There are 2 protein chains.
Amino acid sequence: MSKLRDMGEKEAIRILLQRFDPDGQLMIGDDCAMVDMGREYLLATSDMINQDTHIPEGTSGWLIGWYATAINLSDIASMGGFPLGLLFALGLPPDMDMDFLDEIARGMEDCCKAHGAKVLGGDTKENPTISITGTALGLVGKKDVMQRKGARPGDIVFLTGELGNQLGWYNTRAEWDIESLLKVDPRVREGQILAQSGAVTSCIDLSDGLSTSLHHLRKAGEVGFEIEMDSIPFIGGLSDEDKEKCLHLGGEFELLFTVDPGKANSLMSTGLGGLKITAIGTVTDGQDVLITDDDGQHVLEDRGYEHFRRRADDG
Amino acid sequence: MSKLRDMGEKEAIRILLQRFDPDGQLMIGDDCAMVDMGREYLLATSDMINQDTHIPEGTSGWLIGWYATAINLSDIASMGGFPLGLLFALGLPPDMDMDFLDEIARGMEDCCKAHGAKVLGGDTKENPTISITGTALGLVGKKDVMQRKGARPGDIVFLTGELGNQLGWYNTRAEWDIESLLKVDPRVREGQILAQSGAVTSCIDLSDGLSTSLHHLRKAGEVGFEIEMDSIPFIGGLSDEDKEKCLHLGGEFELLFTVDPGKANSLMSTGLGGLKITAIGTVTDGQDVLITDDDGQHVLEDRGYEHFRRRADDG
């Protein structure tokens, strides 16, 4: 019989979607589920992190708590929502120190406070390793909500912030680089400004990496993309090889969004409260994600991280 | 330093509450978190199940999916809510068969359909063992909501259904008794009827066992209880020893609720659409949960299952 490790996460999700969303009506593919509440949508998203796959050895409890909170708030941010709060289900090993648990809780609390959210409740259970599922709830006006679908040919593609902050850890796997990996700043306030600007036609966060996120917008919007490598905002000091790697690295939490070209100038001059935004390309009526670099124009493949599947280069 | 296994789940929860709810204002102790939405409360609850602690070997995927759904819907039920839907975070081992995953999904779907809910979204991640966190969302009218607090001296204590359905598995640990353990029927429709009756002053489900649930209502309501052992509805064929065991067995999902004595007759004659309800005692102005059995009246201790903590009789 076929195993998860042979088929990969995408096939697992396909099986689940076929069961829960046979007509594709539930919009299950967005960063959050949307529930109609009259003038607003209730946004809800669950993200799980596990010790073995997400938390490098030596990570502080505070950073674990912050990260588990931030990645869930990022999904609310990418749809323009105002966080109502979070629930946490904590799977904890019996030999965990109580002080470490309190540090996890403090990290959650600090991340909530920084982004106008609060912890609403949760559950604790015994587990062989640390496993934390956060569920974030938010509200967004129906006319404001940003989804993966909606990009139109001619729209301009933007990115918040810079790529590459967490590359240090991937290159060194050193303890001093863990914070660059996990001290994620979800773009909650920025997402709200974007949603209310009326200029944004589609949006997603970069949690699966830039290439995969572009392909999500491509599929949802039935459009193509032309991206300029030279326009992508990387942190300083990266080699060409590093930059190439950053295109496919999951775990970035900037926002990728498309903007009506008639409204792009006004959006750029208003800004996002100090956070840099950069135009990196345009939406086309093609079917591919194309990128132009020193070698000319070629297809940018969907190579974001996929769970379960063992790759050849994983050994 | 103190470890979870020495301190137990209650101490873990105390640490978390101290962090997230220093003033006790979040009502974090109810079966669901409550978010003010104007005329209604949004109810939200997360419950995690793990292979090692909740799922006996030999359990079918369908039953795992059903159970993970049912225990979350039970929390919505105990507050009288109408389910909006569920999110699931699935931690899955890479060697899981894809067919088994589809069976889990089918169990979730069947339980949702049976109780007017649907799957809204979720997350899948790699985990050493199966770990499922369900988050259920629901709505309840502000005037209808049932909470743990609210019982008043003189109120009558009721229980839905019968206790002991899952005792078979605890006694035999045999595969043929797994269904009695996990094929939980959350009392969703019954909870809604109770909430709208205007007769119920407090309510909780029995997921932590009858003794612990009574103590939750006692603490939240600042009242005492007098329970009659002979009135408790057990399934047929139980020895006195079995009945005693059932008082403390977690994993039952009947509703325990208190009723205004002036409205009890009307509630009993209306009924809960066919489900048996039984008066098992009264609320007092005392500070203990007292139970009367053949040996007379004595204190019913809070002995529901607590995670993490190793008991002497666990070996």
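Visitor: How many residues of domain 1 of chain A are in contact with residues of domain 2 of chain A?

Guide: Happy to show you! A word on the model: it is predicted, so local features need pLDDT of at least 70 and side-chain atom pairs count only at pLDDT 80 or more, while totals for chains, interfaces and linings use all residues. Residues are numbered from 1 along each chain as its sequence is written, and chains are lettered from A and ligands numbered from 1 in the order in which they are written.

Chain A is divided into domain 1 (31–141) and domain 2 (156–306), with bounds that come from an automatic or database domain assignment. Between these two domains, 21 residues of domain 1 of chain A are in contact with 20 residues of domain 2 of chain A; "in contact" means that the C-beta atoms of two residues, placed from the backbone, lie within 7 Å.

Now look at the side of domain 1 of chain A that touches domain 2 of chain A. Helix H3 (61–78) and strand S3 (82–92) of chain A each supply at least two of its residues. Helices (H or I, at least four residues) and strands (E, at least two) are DSSP runs, numbered from the N terminus. H3(A) provides the largest share of this side, 11 residues. Sorted by class, this side has 12 nonpolar, 7 polar and 2 charged residues. Here Ala, Val, Leu, Ile, Met, Phe, Trp, Tyr, Cys and Pro count as nonpolar, Asp, Glu, Lys and Arg as charged, and the others, Gly among them, as polar.

Finally, stepping back, the centres of domain 1 of chain A and domain 2 of chain A, taken over C-alpha atoms, are separated by 23 Å.
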